[in-house]
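Dear colleague,

I am passing on the structure below, together with notes on what turned up when I went through it. Please read the notes with the structure open beside them.

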Amino acid sequence: MTPIQTFYEAEAMTIIKHLEKRGMEGYYCPTSKEAVEKALSFMEKGATVSWGGSMTLNECGMLDAVRQADLLLIDRDTAKTAKERMALQRQALSADYFLMSSNAITKDGQLVNIDGNGNRAAALVFGPEHVILFVGMNKVVKDVQEAVSRVHETAAPANAIRLNLKTPCSVTGTCADCTSTDCICAHTVITRFNRTPGRIKVLLIGESLGY
């Protein structure tokens, strides 16, 4: 292994111990391929699966994998109208498995997510029976304060540009603490503990994924 791979594994093992104390299951996967295989191993044939918007899920190959698996998908991208898309997002809250990434994860095992519509954050908090998170090791931060700063200064501007949103950060690359109608920092959720054993699983991946 390279020094950075060894570092990622050591750091992940420490985070996983903290996740366990917080009622969440943590797993370290050196590669995206291993993360996809691990996630699929949790899902039974015919289970309903949905997901939140995520560059990580695209980059690691998980979305391609679920589309080829024997699973029932709730895919908002199949909607033909905005109303139908919203209905699918609501339906996703009752899925057997919800897939997502995390905007950041702290070294002591807290998940920090900031959303625009809030559907992804809502699914993490309550609804789907199981939530599986795919988190590249590039998203590890020291603490919650650093996590929020990371989202505002890195993830949000990049996502705003990707989604062609009219926010100050998409123009300047810097958070303006805006209240734009296109704001994607409307809801901040910090998951510091999970009270439902086995519900939240975090796959830490030894790669740089997402924003």
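Asn 164 counts as exposed because its relative accessibility is 68%, where exposed means over 50% relative accessible area, buried under 20% and partly exposed in between, with a 1.4 Å probe and protein chains only. Asn 164 sits in the loop between α7 (144-162) and α8 (168-172), and it has a positive phi of about 55 degrees although it is not a glycine. Asp 177, in the loop between α8 and β9 (187-191), likewise has a positive phi, of about 50 degrees, without being a glycine, and with a relative accessible area of 66% it is exposed.

Before going further, a word on conventions. This is a predicted model, in which local features need pLDDT of at least 70 and side-chain atom pairs count only at pLDDT 80 or more, while totals for chains, interfaces and linings use all residues. Residues are numbered from 1 along each chain as its sequence is written, and side-chain values use heavy atoms, with hydrogens and water left out.

The protein has eight helices and 10 strands, taken as DSSP runs numbered from the N terminus (helices H or I, at least four residues; strands E, at least two). Its radius of gyration, taken over C-alpha atoms, is 17 Å, close to the 17 Å given for 211 residues by the globule rule (2.2 Å times the number of residues to the power 0.38), so the protein is as compact as a globular protein of that length. Of the 211 residues, 48% count as buried, and the C-alpha trace spans about 45 × 40 × 30 Å along its principal axes.

Six strands form an open sheet with parallel pairing, in the order β1-β10-β7-β4-β2-β3, two strands being paired if DSSP finds at least two bridges between them. At the edges stand β1 (25-29) and β3 (72-74), each with a single partner strand, so one side of each is left without a neighbour in the sheet. Within this sheet, three bridges join β2 (residues 48-51) to β4 (residues 97-100), and Trp 51 stands opposite Leu 99 in β4. Helix α2 (residues 32-42) lies across β1, β4, β7 (130-136) and β10 (200-205), and runs at about 165 degrees to β10; axes here are lines fitted to C-alpha atoms, for helices over the stretch in contact, with angles from 0 to 180 degrees between N-to-C directions.

A further group of strands involves β5, β6 and β9. Two bridges join β5 to β6 in an antiparallel arrangement, with Leu 111 as the bridge partner of Ile 105, and five bridges join β6 to β9, also antiparallel, where Thr 191 is the partner of Leu 111. The hairpin of β5 and β6 has four residues between the strands, and in it Gly 109 takes a positive phi near 85 degrees. In β6 (residues 111-115), five of its five residues are buried: Leu 111, Asn 113 and Asp 115 on one side, Val 112 and Ile 114 on the other.

Lastly, Thr 106 lies in β5 (residues 104-106) and counts as buried because its relative accessibility is 0%. A polar atom of its side chain lies 2.8 Å from the backbone nitrogen of Gln 110. Leaving aside neighbours within four places in sequence, Thr 106 is in contact (heavy atoms within 4.5 Å) with Ile 15, Val 141, Lys 142, Asp 143 and Val 144.

With best wishes

Definitions and conventions:
A polar contact is a pair of N or O atoms within 3.5 Å; within protein, one must be able to donate a hydrogen and the other to accept it, and residues adjacent in sequence count only if both atoms are side-chain atoms.
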